[in-house]
Amino acid sequence: MTKNKFLIIGLLVLPSISIAESMPDADTVSEWVSFLASDELQGRANGTPSIREASEWIAGHFADAGLAHAPGAGSYFQEYMPEKKIPYRNVIGYLSGSDPSLANEYIVLSAHYDHIGVDGLKIFNGADDNASGTSTVVGLAYRLAKLKPGRSILFIAWSGEEEGLLGSRHYTTQPMLPLEDAVLNLNFEMVGHTEGNGKHQFWVTGAEHSTLFPALRKMGDEVGWKVAPNPFTDLQLFWRSDNASFVQLQVNEATRTIYGVPAHSISTWGQEGHYHAPSDTADTLDYENLAALIEVMGDMVNRLANQPDTIDWKDNPNFHLRHYDEKQ
Ligand SMILES: [Zn+2]
């Protein structure tokens, strides 16, 4: 009897602890992507009621994770293009740093949540592009809120990406925190597939441009994850994804100097063949791997947010890269 009683108490207590520690697990991430990429959300085209529903869902998770609104903001939403019937929305959550000597600096974790909508009867669900990255940012909000990193973290889900990086461009012209204090942007793009490149690995755009790539590769080696440079260099993704809005904040053509925040996109995409196709559906992704990526990435971001040194730009033969706080 006594034994049974303890067993029951154990069953009641243990699962809730393990769920909290492993949050989000593969089933949870699968549920998230399946919602964002559901037929009901009609491909999350900008300016539609369905993407508005997605924005409310993201804000709800930011609240559940314990994120604050960005300093000075009255909600999780940053709206722009008000001439549209339904304005576009970036969704922004803020986690204040736990170390008073570092908390004025911050890391931006981002992903676009818009997609390309419908064409006649065809729904473009956008599971990998980019319900996967959006779920990664949501998952990192839960994990980092528990890890309590020293530097502050700004979590942003972009709209308008599919129309030309509109959300990230709007944000960097109307930032909620001084861009001078941003030390890094990690932007997640298409992180749901493993068929092309294998499990437990990701690649980084613009690997040669800053000290981020060697730092992540070293941390990856420690936990058995392969961190690679972007294998698809022809696509110029470093300059074409939302991270690019942070890279080029100010340009001095005379001195060939670009002032910006070290900013890179992270992906697992391996040319799986669903890009902007109706076949980009939730049932095609590897959720065990995606949940593991969120866990590994949470630890990596936590370390980057706690270490005294920050990520630096690297020069190259063609132009200079400098942090925005050195702008002239
Ligand atoms: Zn896309």
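**Conventions.** I am working with a predicted model, in which local features need pLDDT of at least 70 and side-chain atom pairs count only at pLDDT 80 or more, while totals for chains, interfaces and linings use all residues. Residues are numbered from 1 along each chain as its sequence is written.

Strands here are DSSP runs of E with at least two residues, helices are runs of H or I with at least four, and both are numbered from the N terminus; two strands pair if DSSP finds at least two bridges between them. For angles, axes are lines fitted to C-alpha atoms, for helices over the stretch in contact, and the values run from 0 to 180 degrees between N-to-C directions.

I count a contact when two C-beta atoms, placed from the backbone, lie within 7 Å.

**Helix 4 against helix 9.** I then followed helix 4 to its packing with helix 9, where the angle is about 50 degrees and the axes are 9 Å apart. The two helices are therefore oblique to each other, given that angles under 35 degrees count as roughly parallel, over 145 as roughly antiparallel, 65 to 115 as roughly perpendicular and the rest as oblique. Their crossing is right-handed, meaning that the near helix is turned clockwise from the far one by less than a right angle. Among the residues that meet here are Leu140 and Leu144 from helix 4, and Leu293, Gly298 and Val301 from helix 9.

Leucine 144, in helix 4 (residues 127–147), counts as buried because it has 24 C-beta neighbours inside 10 Å; the cut-offs are 20 or more other C-beta atoms within 10 Å for buried, 12 or fewer for exposed, and partly exposed in between. Beyond four places in sequence, leucine 144 is in contact with Leu95, Pro149, Ile153, Gly298, Val301 and Asn302.

**Core.** Which residues touch the most other members of the largest nonpolar core? Among its 83 residues, they are Ile107, Ala141, Phe155 and Val301. Helix 9 (residues 287–306) gives the most to this core, with 10 residues. Such a core is a set of buried Ala, Val, Leu, Ile, Met, Phe, Trp, Tyr and Cys residues joined through C-beta atoms within 7 Å. I also listed the contacts of phenylalanine 155 beyond four places in sequence, which include Phe62, Leu109 and Ala141.

Phenylalanine 202 belongs to strand 8 (residues 201–204) and is buried, as 22 other C-beta atoms lie within 10 Å. Its contacts beyond four places in sequence are Val191, Val227, Ile266, Ser267, Thr268 and Leu293.

In the loop between strand 7 and strand 8 I noted methionine 190, where phi is near 55 degrees, a positive value in a residue other than glycine. Histidine 200 lies in that loop too and has a positive phi of about 55 degrees. Is each of them buried, partly exposed or exposed? Methionine 190 is buried, with 27 other C-beta atoms within 10 Å, whereas histidine 200 counts as partly exposed because it has 16 C-beta neighbours inside 10 Å.

**Cis peptide.** A cis peptide bond joins aspartate 129 and asparagine 130, with omega about 5 degrees, and asparagine 130 is in helix 4.
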